[in-house]
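Let's take a friendly walk through a protein model together.

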Amino acid sequence: MNKEYKNIQNNIFTAEFKNFCRKEFKNNIKSLEITRLCYLSASIAVFPLLFLVIWLEIYGEDISTGILSNFALTVIFDIIAFILSCWCIFSVAKLYKNDAKKVILTKLLSFTGDFKRTSGHDRDYTKKLKLFKPYDKYYCDDKIKGSYGLLKIEITEIELKESSGNKVFGGLLVKIPYPKKIIKETIIQRNEKKYVPEGFSKIDFEIPEFDEYYNVYSTDPVETKYLLNSKFIKRMTQFAKYGIGNNISISFEQGNLNISIESGKDWFE
């Protein structure tokens, strides 16, 4: 990423964001930290108790009583106890993470706008998009919904896979209602990506700088050139020059501007 862009990010967020965190998290973090330490202590205590049980089973009675004859049964019991202990720990950890997410993530998102973590998914909506290659399995981790000023935004963390298990996409899908009327479909990809949806044709804008970075596919060239005005093209070109958006694809479908951001990160964890 361009050094100048990083400097802009740092200047905007550093001081203001730190002050925001000090103010908003002062009380919440303390209570969450107490809860976390309680869970952690309980989790750590499970293992010494488990090993104590095992030790008593093996050495708590005289060998002549026949404990060795029940050795296989003892091992099976210990394995089951160990698995159940691990399951309890991970279940408690998951509950804590979900509780912490509700508090921390909601407050973090409020720094930029009126955003909230919400349940549900857009399985049917995503399936209709030509933005992705055909897939069979849909997984949704987190969904963020809210507004930035007058702009309504939905951000969904998804993973799409073929039936064979091959990953089609993993990352964020951003959905924004588009003010201009959209009848047909338009997709913008970086040149490195080669997926062309069925029924789409490539549109050449004859703008060398833009064409150097992007491929545009559409079901209606006239509508596409209406949607992608000179300001939009100039901004997209600037993003590419700054080194932003190698993992981003955009589509105008279903009355919305859809942005896919591919990443291996677990964004909201």
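## Two paired strands

In this predicted model, strands β5 (residues 186–190) and β7 (residues 214–218) run antiparallel and are joined by five bridges. Strands here are DSSP E runs of at least two residues, helices are H or I runs of at least four, and both are numbered from the N terminus; two strands pair if DSSP finds at least two bridges between them. Across from Ile 188 sits Val 216 of β7.

## The whole sheet

These strands belong to an open, antiparallel sheet of nine, ordered β1-β2-β3-β4-β9-β8-β5-β7-β6. At its edges lie β1 (114–118) and β6 (201–203), each pairing on one side only.

## The nonpolar core

Which residues touch the most other members of the largest nonpolar core? They are Ile 188, Phe 210, Leu 228 and Phe 252, out of 30 residues. Such a core is a set of buried (under 20% relative accessible area, 1.4 Å probe, protein chains only) Ala, Val, Leu, Ile, Met, Phe, Trp, Tyr and Cys residues joined through side-chain atoms within 4.5 Å. Helix α6 gives the most, four residues.

## How confident is the model?

The mean pLDDT, the predictor's confidence in each residue from 0 to 100, is 80 for the chain, and 81% of the residues score at least 70.

Residues are numbered from 1 along each chain as its sequence is written, and side-chain values use heavy atoms, leaving out hydrogens and water. As this is a predicted model, local features need pLDDT of at least 70 and side-chain atom pairs 80 or more, while totals for chains, interfaces and linings use all residues.

How values were computed:
Buried < 20%, exposed > 50% of the residue type's maximum accessible area, 1.4 Å probe, protein only.
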